[in-house]
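Hello,

Here is the structure I promised to pass on to you. Please have a look at it first, and then read on for what turned up in it.

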Amino acid sequence: MNILTKTADGSNTLFNETIGEHYHSSNGALQESKHVFLEAGLKFAIAQKDEKDISVLEVGFGTGLNFILSFAHCEENNIKLNYTGIEAFPLTEEIIKQTGYDEYVSKNVWQDFISKYDYALGNRQSLSSHCELEIANTTLANFKSSTKFDVIYFDAFSVQHQPEMWTDDMIAHTCSFLKSGGVFVSYSITGNLKRAVKSCGLKVEKLPGAAGKREMLRAVKQC
Ligand SMILES: C[S@@+](CC[C@H](N)C(=O)[O-])C[C@H]1O[C@@H](n2cnc3c(N)ncnc32)[C@H](O)[C@@H]1O
């Protein structure tokens, strides 16, 4: 059961009763999504590329907040976006509509997302001439892909509530989908996570965290 709750910046999140955790930071869902995934992840990776295209893999697609902000940014900047979300427990379209996240993007972006959401579960869909989305309805452990991505958004529930998502094996599995020079970002920066990404050949950076967190992790796969 998921309950809609307000976070400190006025944006909503969901509380997952089974796991006992919110989908986003209670210090600000929108703020966290922009700070960790859009600014430190997507925009950083785009700045490193010569071509105007980007591929993103998200672990824990959830409400799609990270996706719609990424989609809006790519639409505004004429960048081709190829986005894959992994989600073991997809939310219904009805719940996603209740989040109020339509306020944060243009009408077109929201409509393109909502109208294709159900179809994107398990199938790649064109949302616009610039954006393709697929939500792999599977667990991270069972996810397979021959594609390597420019950016990975690692947005699992916390290690305290879902430790099985943060094991060395699961991090190595996730990093295996990253291109050389690709960027891994997470709101979390535990010692274990740093060690695990380093042992996959990534160079770790500590960045200032989203509201309420001192630090976050960004790591770049070395060539
Ligand atoms: C912190 S929330 C993600 C929030 C999401 N990025 C958003 O913007 O709404 C974690 C997500 O991971 C999903 N999840 C839980 N266990 C999973 C697993 N084993 N594999 C893939 N996804 C999982 C949950 O259903 C939830 O949607």
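Helix 5 (residues 168-175) and helix 6 (residues 191-198) have axes that come within 9 Å and cross at roughly 45°; the axes are lines fitted to C-alpha atoms, for helices over the stretch in contact, and angles run from 0 to 180 degrees between N-to-C directions. That angle makes helix 5 oblique to helix 6, because angles under 35 degrees count as roughly parallel, over 145 as roughly antiparallel, 65 to 115 as roughly perpendicular and the rest as oblique. The crossing of helix 5 past helix 6 is right-handed, the term for a near helix turned clockwise from the far one by less than a right angle, with anticlockwise giving left-handed. Asp168, Ile171 and Cys175 of helix 5 meet Asn192, Leu193, Ala196 and Val197 of helix 6, where contact means heavy atoms within 4.5 Å. By class, this contact has five nonpolar residues, one polar and one charged. Here Ala, Val, Leu, Ile, Met, Phe, Trp, Tyr, Cys and Pro count as nonpolar, Asp, Glu, Lys and Arg as charged, and the others, Gly among them, as polar.

Before the rest, a word on the source. This is a predicted model, in which local features need pLDDT of at least 70 and side-chain atom pairs count only at pLDDT 80 or more, while totals for chains, interfaces and linings use all residues. Residues are numbered from 1 along each chain as its sequence is written, and side-chain values use heavy atoms, with hydrogens and water left out. Helices (H or I, at least four residues) and strands (E, at least two) are DSSP runs, numbered from the N terminus.

Now to the other helix pairs. Helix 1 and helix 2 pack with their axes 10 Å apart, at an angle of about 50°, and that makes helix 1 oblique to helix 2. Their crossing is right-handed. Among the residues making the contact are Leu30, Phe37 and Leu42 of helix 1 and Leu65, Leu69 and His73 of helix 2. This contact divides into nine nonpolar, four polar and two charged residues.

Helix 2 also packs on helix 4 (residues 107-120), at an angle of about 130° and with the axes 10 Å apart. That makes helix 2 oblique to helix 4, and the crossing is right-handed. Phe67, Ile68, Phe71, Ala72 and Glu75 of helix 2 meet Val109, Trp110, Asp112 and Phe113 of helix 4. Seven of these contact residues are nonpolar, none are polar and two are charged.

On a 1 Å grid over the protein atoms alone, a pocket is an open set of points with protein on both sides within 12 Å along at least five of seven lines, a cavity is a set where a 1.4 Å probe fits but cannot get out, and lining residues have an atom within 4 Å of a point. Grid points are joined across faces, edges and corners, and a volume is the space filled by probe spheres set on the points.

The largest pocket holds about 920 Å³ of space. Its lining has 46 residues, with Glu21, Asp155, Ala156, Phe157 and Ser158 nearest the centre. Strand 3 (21-22), strand 4 (53-59) and helix 2 (65-76) each give at least two residues to this lining, which divides into 19 nonpolar, 19 polar and eight charged.

The second largest pocket holds about 160 Å³. It is lined by 15 residues, and Lys80, Leu81, Asn82, His130 and Glu132 are the closest to its centre. Its lining comprises three nonpolar, six polar and six charged residues.

Finally, there is one cavity of 30 Å³ or more. The largest cavity has a volume of about 40 Å³, and its lining includes Ser25, Glu32, Tyr187 and Met216.

Best wishes
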